[in-house]
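I opened the model to look up a few residues and some helix packing. My entries follow.

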Amino acid sequence: IPYRFDESSFLSSITFEADFLQKSRPSQDPYNTDEMSEELTNFFYDHAFSIDQKAVFSFHDKKLLLMEVKSLSVIDVGLLGPSSKAATNVSAGVITRNTQVIFEKADGSVLNLTGSAKGKATHQSIISKDWDFTKLGIGGLDKEFSNIVRRAFATRLFPADIVNKMGLRHVKGILLHGPPGTGKTLMARQIGKMLNTRDPKIISGPEVLNKFVGESEANIRKLFAEAEEEQKKFGDNSALHLIIFDEFDAVCKSRYSYSTGGTGVQDSVVNQLLAKIDGVEQLNNVLLIGMTNRRDLIDDALLRPGRLEVQVEIGLPDEKGRVQILEIHTSKMRENGVLASDVDLKEVASQTKNFTGAEIEGLVRAAQSTAMNRFIKMTNNFEIDPEGAQSIMIRREDFNHAIEHDIKPAFGPSDDNLELYVAEGTSLFYLSPSKPFFLVLTDHMCF
């Protein structure tokens, strides 16, 4: 029995699932859904459609598209007024000039849809829903972390159509550099936990190198293989792929600088990495985080905008940052009541100038071991008093002992030593926290 249409069957909206009719060598050109909606409405004006109906549609001079109806909604024009409501899940209806046409990409399709007339359910927040910024656990790096979020992730928080309107390109790489022990690895680990991405790929620089010809470059290609495959299938709807590269300088040193007898393998690795980050087929769903102690060794081509353009120095923490780090590493002791009341973390922070985050963590461990040593009996065998150990307490004197005898800062100038050489009226200059340099000016000589 043919379906009869009247004025009560006019469609208020129709949703099509779109794909290429011929999938051999599909086009990567963007299809503007706003223009497609207008053209389809003009072409199929006053035509009837039903659920699961298929139609072929030619958009401009591009490839033919196969359209399948997924949902329909109509409005009863005879009931126009405050009580009129759109009827959903109808089986058929007629397209009018006022019908809203929505396009969704078929599963597995490489069709690149842009504009505001595509399905709105495709955008997914890049930040994990269960993420709590108050539990970041990165002491003294609030400013650096905020800078990374602003530069690298702000554009990824917005839907793809808004980003396309502004002509933005996502940041593809971040370089964290600074002295050892300042928290570069911890920062990268927390970024991996924060982002709603595929499982991060974590690799160390030396793991890339291989003695067989071409294998080092193949290891780089494997890191990007999943991201390439997913972008071909889903385009802008692809999830973000995070690659964390520790000891980045091991394989990405400046090219053409090896000494006589070098194989040039590192040059090939750098070339392969450049091709993947910013090559002919640009990936928009990859974020590379490199970590190094020696930024000066990295090839300049990797540091230009469009590649590892967000470069953040993770330096020595200031006094406020040292207090945060101490609070993180003593939180368990404070919760369980084993940190004595005479321990003032602000005082400890003032005494640990030039300490890195790792050295402050080591300082806490040293204070704990000093406290534990009070319960060890020096007999033929090392023994402890189990009952006495239950009342263990880490005191102020334990931290003072650790500062004086156990942990010394590896970076920064020593004020005590400088007082022996710097006289009143002289000038002191620092090139960087990791490379202290001082210049002493006197009336007769310069050191």
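Buried means under 20% relative accessible area, exposed over 50%, and partly exposed in between, with a 1.4 Å probe and protein chains only. I noted that this is a predicted model, where local features need pLDDT of at least 70, side-chain atom pairs count only at pLDDT 80 or more, and totals for chains, interfaces and linings use all residues. Residues are numbered from 1 along each chain as its sequence is written, and side-chain values use heavy atoms, leaving out hydrogens and water.

Entry on I162. I found I162 in helix α3 (residues 160-166); helices (H or I, at least four residues) and strands (E, at least two) are DSSP runs numbered from the N terminus. I162 counts as partly exposed because its relative accessible area is 33%.

Entry on H177. H177 lies in strand β10 (residues 173-177). Leaving aside residues up to four places away in sequence, I listed its contacts (heavy atoms within 4.5 Å): H177 touches K184, T292, R295, Q311, V312, E313 and I314.

Entry on helix packing. Axes are lines fitted to C-alpha atoms, for helices over the stretch in contact, and angles run from 0 to 180 degrees between N-to-C directions. The axes of α11 (residues 357-373) and α13 (residues 396-406) come within 8 Å and cross at roughly 115°. Helix α9 (residues 319-335) packs against α11 at about 40°, with the axes 10 Å apart. That contact includes R322 and I325 of α9 and G357 and I360 of α11.
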